[in-house]
Each structure stands twice: as C-alpha cells, then as structure tokens.
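Q: I have a model open and would like to learn how to read its features one by one. Can we go through it together?

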Amino acid sequence: MRPMTKKNKIAAVAASAALVAVGGSAAYAYWSTTGSGSGQAKAATTTNAVVIHVAFDENITPGSSKTISYTADNPNSGSTPVTLTGAVVTASGSCDASWFAASVPTGTKTLAGNATNVDMGTGTLTFSDSTLNQDACKGATITVTASSN
C-alpha cells in the first residue's frame, strides 16, 4: 500500500465529512418527512326498515275517539330520522273503513341505532257517527297502519 500524501489525507477527511453530512441530512429527512394517503370502502347500500307499532284501546263506538300511541324500533346500527306521514284505517268484514279517520303525530324523531319501543307520539282514531246503520262494525277488527319516510 502506498503512503498517504498530505493531499490524499485532506481528500479523505473531506470525503468523510461529506459522508457524515449526507448521512445526517438523510436521517433528518427521514424524521421530518410528511405524506398523505387515502383509502376507500363502500357504504351499505340498504338499511332495514324501521318498525312502527300502533296501539289503541278496543271498543270504539260511533261518535267516539280513541288515543293512538305510536312507537318505533330501529333495527339499524346507526341512528335513523323518522317522520310519520300518514295512517290508513282498514276494517274487517263489511264494516265501512271510511267511517274511521286516524291521525299521526307531527315532526321528526331521530331513533338511535338498535333502539326499541321509542315513543313517537300520539294521534287520534275517530269513528264517525253516521245516519246509516253501522251495525256491520260491531265486533269488527279495526286496523291502523302508519307510514313513514
């Protein structure tokens, strides 16, 4: 091996210093780096229907009204806003369902995920008093079906 000259020693020291400087800035850049990224997943395409329960006392008679209680169950894991939009009355046998009217509470309620038996409010079931014979409604089953959006 040849002996190092003063010029070679200076070059070696300079190269060593340069390597330390480059290595130091590489480490600095590693710890100071920034970045960005993204990911994606598809959201659910459907939700389960909210179940609305309708309850009122039996034995309604012509000219009277009954309070209807509305409750709801949310089978979804997330909260769901519910607005009752209407009620349809049907009657069994030859009872004329047009003699009945039902109302729903107004406003929107947000049902928490997996909530059950949430009070939605009250409405009224009214049995009109007709001049016609309404005996066909004696013992008939009156059903109120509520809808929501």
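Q: Where is the place of Asn114?
A: This is a predicted model, in which local features need pLDDT of at least 70, side-chain atom pairs count only at pLDDT 80 or more, and totals for chains, interfaces and linings use all residues. Residues are numbered from 1 along each chain as its sequence is written, and side-chain values use heavy atoms, with hydrogens and water left out. Helices (H or I, at least four residues) and strands (E, at least two) are DSSP runs, numbered from the N terminus. Asn114 sits in the loop between strand 5 (108–111) and strand 6 (118–127).

Q: What is the phi of Asn114?
A: The general idea is that most residues other than glycine have a negative phi. In this structure, phi of Asn114 is near 60°, a positive value in a residue other than glycine. Asn59 also has a positive phi, near 65°. Asn59 lies in the loop between strand 1 (51–55) and strand 2 (65–73).

Q: Is Asn114 buried or exposed?
A: Buried means under 20% relative accessible area, exposed over 50%, and partly exposed in between (1.4 Å probe, protein chains only). Asn114 counts as exposed because its relative accessible area is 51%. Asn59 is exposed because its value is 66%.

Q: Which elements make up the protein, from the N terminus on?
A: The order is α-β-β-β-β-β-β-β, which comes to one helix and seven strands. Of the 149 residues, 23% count as buried.

Q: How many bridges join strand 2 to strand 6?
A: Two strands pair if DSSP finds at least two bridges between them. Strand 2 and strand 6 run antiparallel and are joined by eight bridges; within this pairing, Lys66 has Leu125 of strand 6 as its bridge partner. Strand 6 also pairs with strand 4 (residues 100–102), in the antiparallel sense and over three bridges. There, Ala101 stands opposite Thr126 of strand 6.

Q: Which residues touch the most other members of the largest nonpolar core?
A: In soluble globular proteins, nonpolar side chains tend to be buried together. A nonpolar core is a set of buried Ala, Val, Leu, Ile, Met, Phe, Trp, Tyr and Cys residues joined through side-chain atoms within 4.5 Å. Here the largest core has 21 residues, and Tyr70, Phe100, Met120, Leu125 and Ile142 touch the most other members. Two or more residues of this core come from each of strand 2, strand 3 (80–91), strand 6 and strand 7 (142–148).

Q: What does Phe100 touch, leaving aside residues up to four places away in sequence?
A: Contact means heavy atoms within 4.5 Å. On that basis, Phe100 touches Ile60, Val89, Cys95, Leu125, Thr126, Phe127, Cys137 and Ile142. For the protein, residues 24 or more positions apart account for 72% of the contacts with a separation of 6 or more.

Q: Which residue makes a polar contact with the side chain of Thr83?
A: A polar contact is a pair of N or O atoms within 3.5 Å; within protein, one must be able to donate a hydrogen and the other to accept it, and residues adjacent in sequence count only if both atoms are side-chain atoms. The side chain of Thr83, a residue of strand 3, makes such a contact with the side chain of Thr108 at 2.4 Å. Thr83 and Asn149 are 66 residues apart along the chain, yet their C-alpha atoms are separated by 5.7 Å.

Q: Is Asn76 buried or exposed?
A: Asn76 counts as buried because its relative accessibility is 9%, although this residue lies in the loop between strand 2 and strand 3. The side chains of Asn76 and Asn74 are joined by a polar contact of 3.0 Å. Not counting residues up to four places away in sequence, Asn76 touches Thr47, Asn48, Gly113 and Asn114.

Q: How many salt bridges does a search of the whole structure find?
A: Side chains of opposite charge can pair when their charged atoms come close. A salt bridge is a side-chain nitrogen of Lys or Arg within 4 Å of a carboxyl oxygen of Asp or Glu. The search finds one: Lys138 with Asp135, the closest N and O atoms being 3.5 Å apart. Lys138 is exposed at 65% relative accessibility, whereas Asp135 is partly exposed at 42%.
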